[in-house]
Amino acid sequence: MDESASPDTTANAGEDINLLADEDFRLRFRAFLHAHYPLDMRQDYLRPFRRMNGAETRAWMSLVHQHGWRAPEWPREYGGLGLSFRKQRIYNEEMERIGVARMIDNGVTQLGPTLMKYGSAAQKQQYLPRILACDDYWAQGYSEPNAGSDLASLKTRADRQGDHFVVNGQKIWTTLAMEATHCYALVRTGNYDKKQKGISFLLIDLTLPGVDIRPIRHIAGEEELCEVFFSDVKVPTENLVGPLDDGWTVAKALLGHERIWLASPNLAIKAMMLAQQLVVETGSSDDQGVMDRLGQLLADLHDYRQWYEAICQRVEADEEVGAEASALKVYITELTQRITEFSVDIGDELGAITGPVEAGSTTTDLYWQLAMSRPGTIYAGCNEVQRDILAKSVLGLTP
Ligand SMILES: Cc1cc2nc3c(=O)[nH]c(=O)nc-3n(C[C@H](O)[C@H](O)[C@H](O)COP(=O)(O)OP(=O)(O)OC[C@H]3O[C@@H](n4cnc5c(N)ncnc54)[C@H](O)[C@@H]3O)c2cc1C
């Protein structure tokens with residue numbers, strides 16, 4: 001990555017860039033991305049859903065930090081940009097436009113806002129600057145083998161012994177834990193009739209003795225998820241965030257606009273660009289069935305983009321979005337999957353090959369993109385659970 005600073009591409013630390021006109025802000029951030037984001041890490045036909053690993057994320061985010069562009073949503077008092085929703089949107093649009101790969105940046109998107117709300121002064125002072133500088137890289141340790149959608153059934157225990165908790169148990173599906181330095185975990189510290197009570201929010205250094213991290217290879221052939229085992233891990237009591245036994249409230253706190261960003265149409269747009277290219281490369285445009293299907297997908301994507309735009313405008317106007325965010329998530333993740341299935345179908349035998357393939361003059365990997373579109377309907381709340389939420393809050397149905 002190019003380390004040289006340029007005055008035109010740096011968000012000046014002393015300046016409130018919220019005061020820039022939207023278009024000036026857009027152009028300045030665009031110039032920064034063009035000057036510094038590596039060409040070979042962009043999303044393209046081969047890797048339309050490209051995601052950075054932990055090391056790439058840390059290297060890129062350090063550079064972003066050095067140039068003053070880190071943490072768009074964080075308040076300025078904590079070292080963020082304190083951007084308005086409108087400018088955060090421009091920020092994301094520009095990254096999507098040039099194909100910046102997706103990043104797992106839990107420190108900025110999840111833990112930071114949680115510490116700002118529930119952390120002690122010492123915790124904020126210790127962790128927030130290290131998150132910004134990428135000195136620490138955080139994994140989320142919530143799910144367990146028998147506690148996913150039903151997260152409150154989690155069993156990993158943290159027993160208090162003097163000035164430590166002793167942690168025993170197992171987490172699973174912990175994204176990039178093998179590259180993380182720390183994880184914020186939900187652990188059981190007490191037993192009550194209501195299972196949400198008795199859970200605490202704990203910060204755990206993953207280099208401590210007794211932590212064992214084992215990567216899991218997923219269907220796209222990559223190791224990005226992990227099992228994390230804790231055997232008598234001694235965690236200082238000062239690492240507890242918020243009240244003991246009330247970590248459920250801490251974890252469920254509303255975390256900024258994350259749900260809106262997760263519902264961005266970006267991946268579906270990237271998948272659609274590939275699908276349209278494939279129609280050309282495979283000479284399928286004479287096939288009425290293929291064109292009907294493509295037309296339907298294009299119309300659905302067009303509708304979704306209008307809907308997403310309308311929701312963003314409501315957020316911008318400070319209106320509550322509520323359960324509609326669940327509907328967005330369900331629609332866009334399933335539409336993305338339908339587009340990848342279409343590409344595999346028209347790619348014919350190319351869709352059955354794992355690894356890069358040549359479709360005419362286009363190098364792609366149809367199986368990879370099909371596989372990489374699968375988890376969207378599972379993480380951040382399974383689509384079935386989102387449908388439960390909609391049934392309850394919109395239709396007034398009870399389970
Ligand atoms: C790519 C990826 C990354 C992830 N990263 C992390 C991470 O970093 N940290 C972390 O803690 N976790 C992570 N997870 C785990 C994720 O949060 C869980 O997979 C998710 O909560 C679902 O839990 P589960 O896998 O145990 O499935 P289950 O909850 O057991 O669900 C199994 C099936 O039952 C359905 N189901 C469950 N409950 C209901 C219901 N009430 N009504 C109708 N149907 C229901 C589900 O929709 C699903 O089809 C990740 C998952 C994925 C796929």
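**The cavity, the ligand and a pocket**

The lining of the largest cavity is made up of five nonpolar, three polar and three charged residues. In this count, Ala, Val, Leu, Ile, Met, Phe, Trp, Tyr, Cys and Pro are nonpolar, Asp, Glu, Lys and Arg are charged, and the others, Gly among them, are polar.

Before going on, a word on the source. This is a predicted model, where local features need pLDDT of at least 70, side-chain atom pairs count only at pLDDT 80 or more, and totals for chains, interfaces and linings use all residues. Residues are numbered from 1 along each chain as its sequence is written, and side-chain values use heavy atoms, with hydrogens and water left out.

Back to the cavity. The structure has one cavity of 30 Å³ or more, and the space in the largest cavity is about 50 Å³. On a 1 Å grid over the protein atoms alone, a cavity is a set of points where a 1.4 Å probe fits but cannot get out, a pocket is an open set with protein on both sides within 12 Å along at least five of seven lines, and lining residues have an atom within 4 Å of a point. Grid points are joined across faces, edges and corners, and a volume is the space filled by probe spheres set on the points. Among the residues lining the largest cavity are Thr57, Met61, Arg70 and Trp138. Helix H2 (54–66) and helix H4 (106–118) each give two or more residues to this lining; helices here are DSSP runs (H or I, at least four residues), strands likewise (E, at least two), numbered from the N terminus.

Now the ligand. Which residues are closest to the ligand? They are Ser143, Ser149, Trp173, Thr175 and Glu384, out of 16 that surround it; to be near, a residue needs a heavy atom within 4 Å. A ligand nitrogen is 2.7 Å from an N or O atom in the side chain of Thr175. For the side chain of Asp388, the distance from an N or O atom to a ligand nitrogen is 2.9 Å. Domain 2 (138–252) and domain 3 (258–393) both contribute to the shell, so the ligand lies between them; the bounds come from an automatic or database domain assignment.

Last, the second largest pocket holds about 270 Å³ of space. Its lining has 14 residues, with Arg51, Met52, Asn53, Glu56 and Glu222 nearest the centre. Six of the lining residues of this pocket are nonpolar, one is polar and seven are charged.

How values were computed. A polar contact is a pair of N or O atoms within 3.5 Å; within protein, one must be able to donate a hydrogen and the other to accept it, and residues adjacent in sequence count only if both atoms are side-chain atoms.
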